[in-house]
Amino acid sequence: MSKKSSSATTKISSFVLLVIFITLALSLTALILAISAFSSNGIAAYYLLLIGFLGAALSTYVLFQTRKRIKRLSIKTPSVTTTIECRKCGFKSVRDFQRGDYIFREVDPCQKCNENMLITAIYREVEEKKKRTLF
Amino acid sequence: MAGMAALQSQIMQEPFGEFSWILTLLFYAFFFVFMFYGQKINTYIMLREVEGSLFKLKYLRDEGRKIVIETIKEIGKPQTDPTARVDRFLEYFTISPQSLDPAGIVGKLEHILDVRDTRFKDDVKLMAPATDKTQVNNLENTLEAAMALNFIYKVIRHFYLLGKKTLSLYIIMQIQMILPLVMREAEAYASALKAFADGQPIGDGAGALVAAKLTHGHPTRNIAKDCVVAAVPIEGRTAYVIKAEGPGGNVGKPGEAIKTVVEESEGEIAMIIMVDAALKLEGEAVGEVAEGVGAAIGGPGVDQFKIEESILKYRIPINAVIIKEDIGDAVSPMRKEIFDAVDKAIERIKQVILEKTKEGDRVIIAGVGNTIGIGQ
Ligand SMILES: [Zn+2]
C-alpha cells in the first residue's frame, strides 16, 4: 500500500515536471527566435520576446513552487516571564518561567524584609507588527 | 490562448518559414493539453498542497507525542517505558450519546464525560506514578492536546489518501478548502501542548484569573468536583466567587457549582455574573472586554444547560463579561494583553454590581476557563 502510494507521488511530480519543462523549452525557443528576428521583423521580435519572458518566468516560478519543501518545522517556545512581588514592601522581580510556578504561589522570602513573596503574574509578551490597514 | 496562437502564427508566417510551423504546432499542443487536462493538473497541484500540510501535521503529531513521553518520564518517574501506554492513549475515543430521542441527553452526556475524565486520570496515574493532583491534571491536558493533534493528522491523511486513490477533484477540494483553518487549529494545539506540559497559564484561563484575583486572601471551600467557592465582600455585597481548583489544568464543573450555591441560598441571589475568555473576530483587539447577558461558557454544553436550568427556577438575572482572544491565544501561554485585561474585567464586574444590585445583596461571580498555572 505504502509502496504503491509513493510510486504515485513520483508519477504526479514527473507529470507536472514534464509540463513545466515543455513550457520552459517553448519560451526559450521563443527567446532565441526573437533574437534572430530582430533584424528582419521588429514587431514579431518584440512579441516573441514578451511571450518568451512570460513563459520562462511562469515556468520557473511553478518549478520553484513545487520544488519548495515545507519550511523548517518547529514548535515555537515563547519566552514566558514570571513576576514575583513582595506584598509588604513592594519589591518586585521578574525572571523566566520555571516549571512549578503558578499565579498566587508563595515563593522564597523577600531580600529586604523576609516576608514570603508571591507570584503575581505569568505572561508572555508578543511584539506584534502593527500593519497599517484601513480597518 | 487560441487568439494568442493565431496571432503568433500570423506574425511569424513570413520572417521564419521553417520554424513557424513547429512553434504553431507546439502552441496548439499546449492549448489542447490545458483544455483537456486542466482539471487533472489542478487536482495534482491541490494534492501537493495538501501533502505539504500533511507533512507539517505529521511533524506536529510526532513532536507532541515526544514531548508527552519526555514530560511523563521527567515528572512521573515511571518504572517502565510509558511509550506503549501513551500510544494506546492517543487512540482513545469517546462515543457521544444517541440523540434520536433528545430528552435527558444532557445527563447521559455528563455521565459519559465523567467516565472519560476518571478513566483518563487513572491512566495518567498509571503512566506517571510519582505525580500529585496538579501534575496529573497537567499531564492529562497535555495528553489531550496530543490526542487532538493525532486525530487531526489522521483525518487529513484519510482525505489525502482517498483523494489520491480516486483522483476526484471534489474530495481533495473539500479538504484543501478548510486546510488553512485546520492548520491554525493544529498549531494552536501544538503550542497548548507545550504550555500544558510546563503548567503555564493559558489565554483561556482569563476567567479563572479574574476569579482568582477576587478570591485571593479569602478562605475557599470545595463546592463541586474540582471547583472552589469563596465568599468575598465587594462594594457592600457578598459575592460568591467560583472557579476551578488550581493550579492544575482543569475547568471544573462551574454548572454544578453555580447550581449548588443557588440551592444553598434558596434562590436568594440578586445576580449571576459569568466571566470567560471568548473567541474574537479577526480585526478585534486581543484583550478587549465586552459585556452581555447569558451564560458565558463553552465546552460540550452540560454546564451551560445546568446554569440555565437553575437560574430559570428562581428567575435570577445573568450577565456575562468576556475577554476576547483568538484560538491561538486561547491555548498558548497567556499574553500580556490578556493578563492586563483581567483588571479591566474586574472593574466592569464591580460597575455592574454597583449599578444593578443593592447593598447587602448576594451575587455569584463565576470565572470560567482552564485554571492551569493559576492558584487561588
Ligand atoms: Zn519585602
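Is Asp329(B) buried or exposed? With a relative accessibility of 5%, Asp329(B) counts as buried, where buried means under 20% relative accessible area, exposed over 50%, and partly exposed in between, with a 1.4 Å probe and protein chains only.

Before I continue, a word on conventions. This is a predicted model, in which local features need pLDDT of at least 70 and side-chain atom pairs count only at pLDDT 80 or more, while totals for chains, interfaces and linings use all residues. Residues are numbered from 1 along each chain as its sequence is written, chains are lettered from A and ligands numbered from 1 in the order in which they are written, and side-chain values use heavy atoms, with hydrogens and water left out.

Let me return to Asp329(B). This residue sits in helix H10 of chain B, residues 327-331; helices (H or I, at least four residues) and strands (E, at least two) are DSSP runs, numbered from the N terminus. Apart from neighbours within four places in sequence, Asp329(B) is in contact with Arg124(A), Gly203(B), Val286(B), Arg335(B) and Ile338(B). Contact here means heavy atoms within 4.5 Å.

I turn to chain A. Chain A has two helices and four strands, in the order α-α-β-β-β-β along the sequence. Of its 135 residues, 34% count as buried. Among the contacts in chain A with a separation of 6 or more, 42% come from residues 24 or more positions apart.

Next, the zinc ion. Its protein donors are the SG atoms of Cys86(A), Cys89(A), Cys110(A) and Cys113(A), at 2.3 to 2.4 Å. Donors are N, O and S atoms within 2.8 Å of the metal (3.2 Å for Na, K and Ca); water is not among the atoms, so sites may look incomplete. The donor residues follow the spacing C-x2-C-x20-C-x2-C. Angles among the four donor atoms run from 105 to 114°, and the site is tetrahedral, a label that requires all angles of four donors to lie between 85 and 135 degrees. For comparison, the ideal angle for four tetrahedral donors is 109.5 degrees. Cys86(A) counts as buried because its relative accessibility is 2%, whereas Cys89(A), at 40%, counts as partly exposed.

Now to the domains of chain B. The assignment gives domain 1 (46-198) and domain 2 (203-367); such bounds come from an automatic or database domain assignment. Their C-alpha centres lie 28 Å apart, and 18 residues of domain 1 of chain B are in contact with 20 residues of domain 2 of chain B. The area buried between these domains is about 1500 Å², with 55% given by carbon and sulfur atoms. Val106(B), Glu110(B) and Arg184(B) supply 31% of the area that domain 1 of chain B buries against domain 2 of chain B, more than any other three residues. Buried area is the accessible area (1.4 Å probe) that two parts lose on being put together, summed over both.

Finally, a hairpin in chain B. Strands E1 (residues 221-224) and E2 (residues 227-234) of chain B run antiparallel and are joined by three bridges; two strands pair if DSSP finds at least two bridges between them. Arg221(B) stands opposite Val229(B) in E2(B). Two residues lie between the strands, and Asp226(B) takes a positive phi near 60°. Asn222(B), in strand E1 of chain B, is in contact with Cys227(B), Val228(B) and Glu245(B), neighbours within four places in sequence being left aside.

Methods
Four donors count as tetrahedral if all angles lie between 85 and 135 degrees; four count as square planar and six as octahedral if opposite donors are over 155 degrees apart and all others between 65 and 115; anything else is irregular.
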